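Hello,

After it come my notes on what turned up, written for someone who has not seen it before.

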Amino acid sequence: MNLTAEIAGVTFPTCIMNASGARCVTAEELEVIGKSRAGAIVTKSMTLNARDGNPTPRYVTFPRGSINSMGLPNLGYQTYVDLIPHLKEFKKPIIASIAGFSPDEFIDIATAIDAAKPDLLEINLSCPNIEGHPQIAYDFKAVEQLITKIRNVVSRPMGTKLPPYFDPVHHDHIAKILERCGIDFISVINSIGNGLVINPETDAVIIKPKGGFGGLGGAIIKPVALANVRAFALRLQGRIPVIGVGGIETGQDIYEHLLAGASAVQIGTAFVEEGPQIFGRLEQELTTIVARKGLRSTAEAVGRLTEL
Ligand code: DHB
């Protein structure tokens, strides 16, 4: 079975990789991904300076999902710049995720990381967990201004990580901005921001930062993820490939993301819970399903969803 994917001219040995944020902060974690069957190494979103992140507990699972408010713990962009040559030894694409607290920070980080030549850059416009910093991706004017500026300093393939949108007019608007700004791929969706989970035993919230509000991930977000993959794939028609993220635990979940229009997928909560062996398991499960459908490659499944 051919499980490869091509995104922005970069070939991925398999279409299954980690999502930014999941076990990808430290050199050791990134090496584990490098040695695993993951089809790429995606870094944690890097900021200008190293960050410890928010107080704990800040990532907790509950039945069918997870909630997190990590607060962007990461080593600071310079450490990732220095790590990239080593990570290249694993011979799979490297996706550098970047996050700034101002346009100037995004520009500085993007300029430096672009020079280190990761295979792709993923601009995170959708972190929901920093108090006082709204998700950029919900401010359409700010998105266009910021992407335009970053595009000017980045020569590598550059995509954006988007949050879920819940209205077709918003999908229309964002899709047009992405096309105008020369975006090479999108990853959808980031966690569903600012959810709230309550512990039935204690009557308390389950994470400490922000009074318990945090980004939702895991199985419960799959329908929202599929809707956003489908909505963008229909509008972008392959001109900008889509990486599907959200609620993937099984090969069937991946197959559904492919049907909806994802060219590749990223695994967040399930990778955190299961560890690096998840990539091999998902490959096997996906292979069985795609073969049963009479297809020779996962690429053939992309966008084949039918309507009634
Ligand atoms: C964090 C969470 C996100 O969903 C994101 O996109 C970036 C950062 C975090 O809290 O670290």
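A residue is called near a molecule if one of its heavy atoms lies within 4 Å of it. By that rule 14 residues surround the ligand, and the closest are K44, G71, L72, N129 and N190. Before going further: this is a predicted model, in which local features need pLDDT of at least 70 and side-chain atom pairs count only at pLDDT 80 or more, while totals for chains, interfaces and linings use all residues. Residues are numbered from 1 along each chain as its sequence is written, and side-chain values use heavy atoms, with hydrogens and water left out.

Back to the ligand. The shell around the ligand has 5 nonpolar, 8 polar and 1 charged residues (Ala, Val, Leu, Ile, Met, Phe, Trp, Tyr, Cys and Pro count as nonpolar, Asp, Glu, Lys and Arg as charged, and the others, Gly among them, as polar). Oxygen atoms of the ligand come up in several pairs. A backbone N or O atom of G71 lies 2.7 Å from a ligand oxygen, and for a backbone N or O atom of M70 the distance to a ligand oxygen is 3.1 Å. In the side chain of N129, an N or O atom is 2.8 Å from an oxygen atom of the ligand. Taken alone, the ligand exposes 290 Å², and the protein buries 93% of that (areas come from the Shrake-Rupley method with a 1.4 Å probe).

Next, is Q266 buried or exposed? Q266 is buried, because its relative accessible area is 1% (buried means under 20%, exposed over 50%, partly exposed in between, with a 1.4 Å probe and protein chains only). Q266 lies in strand 16, residues 262–267 (strands are DSSP runs of E, at least two residues; helices are runs of H or I, at least four; both are numbered from the N terminus). The side chains of Q266 and E122 are joined by a polar contact of 3.3 Å (a pair of N or O atoms within 3.5 Å; within protein, one must be able to donate a hydrogen and the other to accept it, and residues adjacent in sequence count only if both atoms are side-chain atoms).

Finally, some backbone details. A cis peptide bond joins T56 and P57, with omega about 0°, and P57 is in the loop between strand 4 (41–42) and strand 5 (59–62). The peptide bond from V188 to I189 is also cis, with omega near 10°.

Best wishes
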